[in-house]
Amino acid sequence: IINLNGSAGQSLGAFSVKGTTLKVFGDANDYVGKGLSGGKIIIQPKQSSKLESNNNVIMGNTVLYGATSGTLYAAGIGGDRFCVRNSGAHAVIEGCGDNGCEYMTGGIVVILGEVGNNFGAGMTGGMAFAFDKEGTLPLRINLEDVFYQQQMTPYWEDVLKNTIITYCNETNSQHAKDILDNWDRDKYLFWQIIPKE
């Protein structure tokens, strides 16, 4: 485990392999986890920060581009093109910009907040979940390759909840804790985004 404090530059943890863990207390620039190959990346605000993670950007654009495996837990919002061409990594963040999960072919992505426009364009594999308190996802999703539903099977509900529990333990996210504390209500605010293929 490598613990870091401050602002990470471009391509934090690019091509990180299984057995490596990078934990950043601060924020990061573009291309976090580019080509991630089994490693774990955790980004959370500094412990002294009073910012609400779900209302603040913690990393830049094109995060997890071309990732094949591994995990990313980021207690904050990511930029545009999150998880483009992800083929196997698992990730949890608290919001993302436009073109999220574009051309994704594998992995599991949980977004505990709002997504930008054109979400899921060209997505042919994997699974995504979005916490949609404002009910705006139907306006932002690209329906050419995916469909979405709120009634998920018990299996996928368990996958979602256990993923959020792990994320909460790794990042100490108050936002995730609030969702888990109100799970019987908040689970109905999640959309499951499923590739048509």
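Helix 3 contributes 4 residues to the lining of the largest pocket, the largest share. The model is predicted, and that pocket has a volume of about 620 Å³.

**Largest pocket**
- The lining comprises 32 residues, and E52, S53, N54, E94 and H175 lie nearest the centre of the pocket.
- Helix 3 (174-181) and helix 4 (183-186) are the elements that give two or more residues to this lining.
- By residue class, the lining of the largest pocket has 15 polar, 10 charged and 7 nonpolar residues.

**Second largest pocket**
- The second largest pocket holds about 170 Å³ of space.
- It is lined by 14 residues, with G26, D27, P45, L51 and I58 closest to its centre.
- At least two lining residues come from each of strand 1 (2-8) and strand 2 (21-28).
- The lining of the second largest pocket divides into 7 polar, 5 nonpolar and 2 charged residues.

**Salt bridges**
- E170 pairs with K40 in a salt bridge, with the closest N and O atoms 2.8 Å apart.
- Because E170 is in helix 2 and K40 in strand 3, this pair ties together parts that are 130 residues apart in sequence.
- R140 and E114 form a salt bridge at 3.4 Å, N to O.
- R140 belongs to helix 1 and E114 to the loop between strand 6 and strand 7, so the pair links parts 26 residues apart in sequence.
- K177 and D181 form a salt bridge, their closest N and O atoms being 3.1 Å apart.
- These two residues, K177 and D181, are 4 residues apart in helix 3, so about one helical turn separates them.
- K177 is partly exposed at 38% relative accessibility, whereas D181 is exposed at 52%.

Methods. Residues are numbered from 1 along each chain as its sequence is written. This is a predicted model: local features need pLDDT of at least 70, side-chain atom pairs count only at pLDDT 80 or more; totals for chains, interfaces and linings use all residues. Side-chain values use heavy atoms; hydrogens and water are left out. On a 1 Å grid over the protein atoms alone, a cavity is a set of points where a 1.4 Å probe fits but cannot get out, and a pocket is an open set with protein on both sides within 12 Å along at least five of seven lines; lining residues have an atom within 4 Å of a point. Grid points are joined across faces, edges and corners, and a volume is the space filled by probe spheres set on the points. Ala, Val, Leu, Ile, Met, Phe, Trp, Tyr, Cys and Pro count as nonpolar, Asp, Glu, Lys and Arg as charged, and the others, Gly among them, as polar. A salt bridge is a side-chain nitrogen of Lys or Arg within 4 Å of a carboxyl oxygen of Asp or Glu. Buried means under 20% relative accessible area, exposed over 50%, partly exposed in between (1.4 Å probe, protein chains only).
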